[in-house]
Amino acid sequence: MPNTNLINKINEIVPEAQVGVDELMSKHTSFRIGGAADVVVTACNENELSELLKLLHSEDVRYMLVGNGSDLLFADEGYRGVIVMLGGDFEHIEVVPSCDEEIRVGAARMLSNTSNFARDNGLTGLEFASGIPGTFGGALFMNAGAYGGEMKDVVESVTLMKLDGSTVYELSGEEMEFSYRNSVLQHNDDIALFARVRLHKDDKEAITERMNELAEKRRTKQPVNFPSAGSTFKRPAGGYAAALIEEAGLKGRTVGGAQVSEKHSGFIINIGGATSKDVRELIDIVAQEVYKNSGIKLEPEVRIIDVE
């Protein structure tokens, strides 16, 4: 049961319209799965975010930042604590005035929209991200990538806030320690606010053509018509998760409403009414069967969030 005193304190920091109580996480994740979080609050500027984090820190409340929820699997029982989301100022994007080959983008801006903005300004380098269904902040957290590109290729610097809301500081792209589906954000738990992205001038039509080609690849090869969290497993050394899963005879395997996609076995999809328990059970089955068949251990790329 949400703490009424805590909710009152949150409402002193952000407008009531930005606070949801007992809100289903299925509304905030691409899997469309997850029970109710105690509180979901959206911070729309640095002051709101700082004061909110200071409050949660001082009250010793469990909380986590969520972007578009495109790589998250919440428990069916929900989340005991506060979900923090970003909006408002953190959705801003602009070409850097002092450098017309760089853009400054807020962490709450959608990746696809950011790619479109770059294209519209004749800037190439973000085509790979045009079909990734996350926010820019989530992409920084995961070092998101596709079709040979990833965030570490384009990020010049990132402005962050300490998890307790006390300090805003900057890290260079190198200091972000990007590696495969990893960044320093997964280890220091601080929050990305904005990033500077270095791109290059190119013809808009050529950029559009490349984006269209990648979109067509996604449509033909990925189960984009079903809710999912993207690639369910990390790419193992010396192979591809999808090929290993298919070789183990698991394509189309179902548990409840969760299925190993028949179109791309690297995806576990929600074919209707899937629960978190269904997905977790199917992840375990796939990992066990692949290990039995190949001796290779698959690690989930989807982040599994327990109720408490």
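**Exercises on a helix pair and a buried residue**

The model is predicted, local features need pLDDT of at least 70, and side-chain atom pairs count only at pLDDT 80 or more. Residues are numbered from 1 along each chain, and side-chain values use heavy atoms.

**Exercise 1.** Describe how α1 and α2 pack, and state which residues make the contact.

*Solution.* 
1. Helix α1 covers residues 4–13 and helix α2 residues 46–58; helices are DSSP runs of H or I with at least four residues.
2. Their axes are 9 Å apart, at an angle of about 160°. Axes are lines fitted to C-alpha atoms over the stretch in contact, with angles from 0 to 180 degrees between N-to-C directions.
3. The pair is therefore roughly antiparallel (over 145 degrees).
4. From α1, Leu 6, Lys 9, Ile 10 and Ile 13 take part; α2 supplies Glu 48, Glu 51, Leu 52, Leu 55 and Leu 56. Contact means heavy atoms within 4.5 Å.

**Exercise 2.** Is Thr 114 buried or exposed, and what surrounds Thr 114?

*Solution.* 
1. Thr 114 sits in helix α3, residues 111–120.
2. Its relative accessible area is 0%, so Thr 114 is buried (under 20%, 1.4 Å probe, protein chains only).
3. A polar atom of the Thr 114 side chain lies 2.9 Å from the backbone oxygen of Met 110.
4. Beyond four places in sequence, Thr 114 is in contact with Ile 93, Ile 103, Val 105, Arg 109, Leu 126 and Phe 136.

Key: Helix = DSSP H or I, 4+ residues; strand = E, 2+ residues; numbered from the N terminus. Buried < 20%, exposed > 50% of the residue type's maximum accessible area, 1.4 Å probe, protein only. Polar contact = N/O pair within 3.5 Å; in protein donor to acceptor, adjacent residues only side chain to side chain. Parallel < 35°, antiparallel > 145°, perpendicular 65-115°, else oblique.
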